[in-house]
Amino acid sequence: MSDMEKARWQSDLTLIVDAAKEAGAVAFGFFNQSPEVWWKNEDRSPVSAADFAANKTLETILRKARPDYGWLSEETDDDADRLSRETLFIIDPIDGTRAFLGGQKVWCVSVAVVHRGRPVAGVLYAPALEELYEAVEGGVALKNGVPFTVSAAGPEEMSRLAIGEDLLKTFPTEFRDRVTREKYIPSLAYRIAMVADGRLEGTFVKGNSHDWDLAAADLILVCAGGGLVDIEGRPIVYNRAEVTHKVLCAAPTPRLGEFLAAFAGRRDS
């Protein structure tokens, strides 16, 4: 990466951190205030006035600042123009809307800059928790300004995993015996951040996650010493025509092979 690119992505990080904070403040203004709610995806997913307000704030700030960047957001109609852009913003104005509407604090604003299919700047802002995660390509991961890394626990130790009970039951017995299952975490982006900051050793992500759930958290995890990969061990490519993904695994880089092998060894595979 050239010095010019480093400066560019650092400038983008400063921009998206500020934008995420503003959008987070807007969303927080609706928190525990019973905002209006609509349903999408065949009435399976809620979206609230807070989601739309935070999205508008992000779009106003970011598109004005970088008019040449593409745009992909959960709460904006998709525009195929993004596929022609080398660089774009990938946004989830509130990741964890159900938690938000239920008065739980585990929700966050997720903003990433993606260049040629991979995130180069990313921020997760959780206003109710007063937590700000940020990272830029080639840099360290920061939480409220303090560097952090993934867990250093080895395969001989107990592993804290965010994984569905039904899925874990299918894993080999010797693997299950070394797993402590974490209770459900309503924000996928925040769950990956918990792997990044060492509170979890890993998580498996069910199929049908989206670019906007993942992009910022992906970079934060990478900069903390981990990886988010598919079951073949390949990093995610963002800004494709299809924005959904199959089963994924997030873990410290030294543990990815172990977790993927356990997944491959399931009884139903």
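Predicted model: local features only at pLDDT ≥ 70, side-chain atom pairs only at ≥ 80, totals over all residues.
Q: What covers the buried residues of helix 8?
A: The cover includes strand 10 (159-162), helix 4 (165-168), helix 5 (173-176), strand 12 (202-205), strand 14 (226-230) and strand 16. Residues are numbered from 1 along each chain as its sequence is written, and side-chain values use heavy atoms, with hydrogens and water left out.

Q: Which residues of helix 8 are buried?
A: In helix 8 (residues 256-264) they are Leu 256, Glu 258, Phe 259, Leu 260, Ala 262 and Phe 263. The word stands for under 20% relative accessible area; exposed is over 50%, and partly exposed lies in between (1.4 Å probe, protein chains only).

Q: What makes strand 16 "largely enclosed"?
A: Take its residues one by one: five of the five are buried, so the rest of the structure largely encloses strand 16.

Q: How do you know that strand 12 and strand 16 pair?
A: Pairing calls for at least two DSSP bridges between two strands, and here there are three, with the strands running antiparallel. Phe 204 sits opposite Cys 249 of strand 16. Strand 14 also passes the test, pairing with strand 16 in the antiparallel sense over five bridges, and there Leu 228 faces Ala 250.

Q: Why is Asp 230 called buried?
A: Its relative accessibility is 16%, which puts Asp 230 on the buried side of the cut-off. You'll find this residue in strand 14.

Q: What makes the pairing of the Asp 230 and Arg 234 side chains a polar contact?
A: A polar contact needs N or O atoms within 3.5 Å; within protein, one must be able to donate a hydrogen and the other to accept it, and residues adjacent in sequence count only if both atoms are side-chain atoms. The Asp 230 and Arg 234 side chains come in at 2.8 Å, and the Asp 230 side chain also reaches the backbone nitrogen of Glu 232 at 2.9 Å. Beyond four places in sequence, Asp 230 is in contact (heavy atoms within 4.5 Å) with Val 247, Leu 248 and Leu 260.

Q: Which members of the largest nonpolar core touch the most other members?
A: Ile 90, Leu 124, Leu 214, Ile 220, Leu 221, Leu 228 and Tyr 238, out of 41 residues. A nonpolar core is a set of buried Ala, Val, Leu, Ile, Met, Phe, Trp, Tyr and Cys residues joined through side-chain atoms within 4.5 Å. Elements that each supply at least two residues include strand 4 (87-95), strand 5 (108-115), strand 6 (118-126) and helix 7 (211-223). Helix 7 gives the most, with nine.

Q: What does Ile 90 touch?
A: Leaving out residues up to four places away in sequence, its contacts include Leu 72, Val 111, Val 114, Trp 212, Ala 215 and Tyr 238. A second, separate core has 31 residues, including Ala 19, Leu 62, Trp 107 and Tyr 125.

Q: What is the strand order in the open sheet of seven strands?
A: The order reads 3-4-5-6-7-8-9, with mixed pairing.

Q: Why are strand 3 and strand 9 called edge strands?
A: Strand 3 (70-73) and strand 9 (146-148) each pair on one side only. Inside the sheet, strand 6 and strand 7 run antiparallel and are joined by six bridges, with Ala 121 opposite Val 136.

Q: Why are Cys 108 and Cys 223 called buried?
A: Cys 108 has a relative accessible area of 0%, so it counts as buried, and Cys 223, at 15%, is buried too.

Q: What makes Arg 116 exposed?
A: Arg 116 has 59% relative accessibility, so it counts as exposed. Its place is the loop between strand 5 and strand 6, and its phi, near 50°, is positive in a residue other than glycine.

Notes. Helix = DSSP H or I, 4+ residues; strand = E, 2+ residues; numbered from the N terminus.
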